[in-house]
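User: I'm new to reading protein models. Could you walk me through this one, feature by feature?

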Amino acid sequence: MDRELPQTVVQQARRRQIWLIGGVMVIVLLAVVGFRMLLETRVAKSDLRFATVEVGAVEASLTATGTVVPENEEVITSPIQAKIERVLHTPGDQVTAGESLLQLDKQLAQTSFEKLRDEQQLKQNKTAQVENDLRKNVNQLRSRYAVQEVRVKSLQAALADEQYLLSIGGGTKENVKKAELDLKVASLELTQLQRQIKDEQEAARIGMKDVGFELEMKRRDIGQLQRQLDQADVKASRKGVVTWVNEEIGATINAGEPLARVADLSSFKIKATISDTYAEQLKVDGPVTVRINNTDLRGEIANIQPKVENGIITFYVRLQEKNHQALRSNLRVEVFVLTDFRPNVLRVKNGPFYTGAKEQAVFVVQGDKAIRRTLKTGASNFDFVELQGDIAAGEQIILSNTKEYAHLEELHLTNN
């Protein structure tokens with residue numbers, strides 16, 4: 001028969017059981033807390049970039065690349081086919097209007113000039129000969145006309161005599177008819193000579209006119225070549241700086257080929273290029289911002305080249321401060337073509353977090369955590385992005401690329 005356990009033993013057993021259950025619960029609780037701590041993503045603040053949301057203006061823009069070029073640059077071309085004989089100025093030299101830059105060998109052009117003058121002289125001699133021949137022909141015809149005129153008068157007298165003899169019975173009708181026929185033939189020949197003289201005079205007039213045209217053409221050719229020879233000492237037409245010159249002494253240059261460039265470096269413009277994808281958004285007189293290092297200059301689109309090359313459009317920017325001290329010829333710059341202006345909106349500095357999507361997730365800092373929120377984006381440029389939705393001025397967001405944390409609702413921020 002079983003005996004009843006003492007009360008003290010029972011109480012000790014119960015205490016052991018309670019302690020055991022309590023220990024298990026503590027272990028489970030610690031395990032859960034530890035597991036949650038293992039699951040929680042921790043990111044050091046020093047590895048991230050932050051920015052504060054503020055109220056301000058956002059100018060939406062397209063980004064283009066640009067080069068500073070002189071606003072006024074003269075391209076000097078060769079007036080004749082010649083060889084470069086001497087280079088008088090090199091790039092960087094200051095020149096004045098009328099100062100020679102290059103000296104060309106004129107021998108080939110001089111030979112052509114002398115040939116033209118010889119041809120002109122031959123043409124003038126030919127003109128004199130043609131004029132003399134035409135005058136001689138007209139004079140011969142006039143002499144024949146005078147002789148024929150005398151013959152007609154003689155035949156008229158003979159006809160009158162025959163008619164008189166017939167009237168007194170001393171002549172015959174046959175003699176009268178013959179005299180009439182001879183007079184008629186002679187009169188026709190006289191009329192024909194008169195017509196020949198007029199035709200010859202008209203032909204002479206036309207012939208002399210044609211020869212005159214040929215002489216005038218030769219005169220113009222000689223005058224043009226003379227001017228080209230005068231320009232063979234290549235000169236600057238304005239004060240400026242030599243930016244380029246062909247320094248290949250002895251090289252043969254064809255007429256029209258560039259020899260040098262002289263620029264006025266007191267004022268500049270921007271030559272910019274952008275993808276033809278944005279062609280419809282480019283407008284003449286549209287506002288533009290040009291960034292040179294940390295300096296922004298305002299301007300506007302002066303003109304857009306109609307030709308597209310390899311998917312690229314070229315346009316020129318007219319600056320408000322054409323002579324700003326930051327401008328240097330051939331300097332590479334950033335060009336922002338403004339397409340929209342949004343004043344007094346919530347904005348934040350542009351950074352890697354911005355993907356360009358109209359709606360995207362951002363992490364907003366709250367104490368030692370960053371909570372993921374989905375916000376809408378509006379206008380943007382190189383500097384700022386407009387934010388819309390559950391966000392307020394003064395809140396901080398993570399600017400760094402957080403793509404790897406996009407599946408998380410929050411991040412734990414640490415100081416180390």
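Predicted model: local features only at pLDDT ≥ 70, side-chain atom pairs only at ≥ 80, totals over all residues.

User: What does the secondary structure come to?

Analyst: It comes to 3 helices and 19 strands. Among contacts between residues at least 6 apart in sequence, 76% join residues at least 24 apart.

User: Which strands pair with S4, and in what sense?

Analyst: When you look at strands, ask who sits beside whom. In a regular strand the side chains alternate between the two faces of the sheet. Here, strand S4 (residues 82-87) pairs with strand S9 (residues 252-253) in the antiparallel sense, over 2 bridges.

User: Which residues touch the most other members in the largest nonpolar core?

Analyst: A nonpolar core is a set of buried nonpolar residues joined through their side chains. The largest one here has 21 residues, and Ile-270, Val-290, Phe-315, Val-317 and Val-335 touch the most other members. Several strands each supply at least two residues of this core, including S3 (54-77), S10 (258-275) and S14 (332-349).

User: Which residues make the nonpolar surface patch of about 300 Å²?

Analyst: Nonpolar side chains can turn up on the outside too. In this model, Tyr-164, Leu-165 and Ile-168 make that patch. Ile-168 is found in the loop between helix H2 (107-167) and helix H3 (173-230).

User: Is Ile-168 buried or exposed?

Analyst: The cut-off for exposed is over 50% relative accessible area. Ile-168 has 51%, so Ile-168 counts as exposed.

User: How many salt bridges does the structure hold?

Analyst: It holds 14. Let's take a pair: the side chains of Arg-347 and Glu-54 meet in a salt bridge, 2.8 Å from N to O. Arg-347 lies in strand S14 and Glu-54 in strand S3, so this pair ties together parts that are 293 residues apart in sequence. Arg-347 is buried, at 16% relative accessible area, whereas Glu-54 is partly exposed, at 32%.

User: Which residues form salt bridges with Arg-291?

Analyst: A residue can have more than one partner to check. Arg-291 forms a salt bridge with Asp-296, the closest N and O atoms being 2.8 Å apart, and the side chains of Arg-291 and Asp-383 meet in another, at 2.6 Å. Arg-291 in strand S11 and Asp-383, in the loop between strands S16 (369-380) and S17 (384-388), are 92 residues apart. Arg-291 is buried, with a relative accessible area of 11%. Asp-296 is partly exposed at 40%, and Asp-383 counts as partly exposed at 29%.

User: Which residues are linked in a network of salt bridges?

Analyst: Look for Asp-285, Glu-300 and Arg-318, which are linked in such a network.

Note on methods: Residues numbered from 1 in each chain as written. Heavy atoms only, no water. Core = buried A, V, L, I, M, F, W, Y, C linked by side-chain atoms within 4.5 Å. Buried < 20%, exposed > 50% of the residue type's maximum accessible area, 1.4 Å probe, protein only. Helix = DSSP H or I, 4+ residues; strand = E, 2+ residues; numbered from the N terminus. Pairing = 2+ DSSP bridges. Patch = residues over 30% accessible without salt bridge, like charges linked within 9 Å, V, L, I, M, F, W, Y side chains within 5 Å. Areas by Shrake-Rupley, 256 points an atom, 1.4 Å probe, with all protein chains shown as cover. Salt bridge = Lys/Arg side-chain N within 4 Å of Asp/Glu carboxyl O. Contact = heavy atoms within 4.5 Å.
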